[in-house]
Amino acid sequence: MTELVLSVSLHELCQYDELDEQLIVEVVDHGIAQPVAGRNTVDWVFDATSVHWMKKAVRLHTDLEIDWVAVAMVIDLLRRNEALERRNRHFEHQLKRFLDQ
Amino acid sequence: MEFKDYYQILGVQPDADDKAIKTAYRKLARKYHPDMNPDEGAEEKFKEVAEAYEALKDAGRRAEYDELRRYGGRAGGGFEPPPGWQSSAGFGGAGGQHFEGDFSDFFNSIFGGPGGDGHHSRSGRRGQDAEIEMPIFLEETVSETSKLVEYRIPVIENGQMKEVKKSLKVKIPPGVQDGERIRLKGQGGSGMGEGPSGDLYLHIRLVPHPLFDVEGHNLVLTVPLAPWEAALGTKITVPTLTGKINLTIAPNSQAGQRLRIKGKGLSTKTGRGDLFALLKVVMPPSTNSKTTALWQSLSEEADFDPRAQWSN
């Protein structure tokens, strides 16, 4: 059985090619990802979903040369879009049950 | 090796100024960035655009590229850098540059291969992370069994990069939700040198169920009722994810009403969500003279205007 880890520590994240501590602090400061635990920066722990959005944010920041405020807005809209698409699929599905005989 | 016309890739004239190059890059990068554009081929296109910009945004590199373009750009067919070519604006330069992206052979042949900064080259390079979609059936989220995951991943064997098929048994964590991502440590691409392996991220997709809809940790089951069942009440058997249970429908039940069946929903971290029975009144598909007569007498007897709200 494989080790399934639900969280990622700051130290582990800093080993990722595209991330370093300063970038992670920026991402957290702009509310793009929130640590699930850890009072001090060095103790921060993130869930896997946050890591996904964090990497996306850093890519957008470096590749598109957009500032962090704009990145935060884009990520917020992308997340909202993903949630709305999920809700929409759900309602469409449920509506079909009510309309079809 | 194919000569790449970076000006053409960015859609600018060879004498375009820095500002025009930057604008063209930003426009194309926004359009093709894989995080903004999920279309197939967008990522390839983005890489091409990013490479062109990397070459042209720096005055030194651009001058070198222009020189080569004059030398080899018109030749058509294959391109080789001139013998003894050495870039001064690439990695060997004073700045000790490090290119993050993965660029084409053409780019690397001009500006030098992707080098590592000290941090990576001393300790090896961490393997790539992989993310795969993992469809899960609702039944699997409440069972104790583990799920087999199969995926392809690049690994390095005898110094050669190749793709291998891997399979893993994964225990689905209780309370996992649609769209959530879970991490399997060290199951991504293998590292270079002493670098650790990357991780595998599973993007959870709950497969739509023929009977149940998911609302957070709760399930919704649409229950069709005959008009008289809704009027008189009845006892019915309803399916759950793990078996069947009996459900009492109260007299005068209404379409759209939700009945809560505690603890028969999806797993949460601490227990189980609820199952909601959503009532739906269904007319019989056909009538005969006898049932028509009964409806007729009901319509005369019942004092009910379903559109009473309209008259206000």
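Analyst: In chain B, β7(B) and strand β11 (residues 275-281) pair in the parallel sense over 7 bridges, where two strands count as paired if DSSP finds at least two bridges between them, and where strands (E, at least two residues) and helices (H or I, at least four residues) are DSSP runs numbered from the N terminus. Within this pairing, B:Leu221 stands opposite B:Ala277 in β11(B). The model is a predicted one, in which local features need pLDDT of at least 70 and side-chain atom pairs count only at pLDDT 80 or more, while totals for chains, interfaces and linings use all residues. Residues are numbered from 1 along each chain as its sequence is written, and chains are lettered from A and ligands numbered from 1 in the order in which they are written.

The two strands belong to an open sheet of 4 strands with mixed pairing, whose order is β6-β7-β11-β10 in chain B. Its edges are formed by β6 (212-215) and β10 (258-261) of chain B, each of which pairs on one side only. Neighbouring strands of the sheet are turned by 30° against each other on average, direction ignored, with axes taken as lines fitted to C-alpha atoms (for helices over the stretch in contact) and angles running from 0 to 180 degrees between N-to-C directions.

A further pairing in chain B joins strand β8 (residues 234-239) and strand β9 (residues 244-249) in the antiparallel sense over 6 bridges. Here B:Ile236 stands opposite B:Leu247 in β9(B), and a hairpin of 4 residues links β8(B) to β9(B).

Finally, the contact between the chains takes 30 residues from chain B and 27 residues from chain A. On the side of chain B that touches chain A, β7 (218-225) is one of the elements that each supply at least two residues, the others being α2 (18-32), β3 (160-171) and β4 (181-184) of chain B.

Notes: Contact = placed C-beta atoms within 7 Å.
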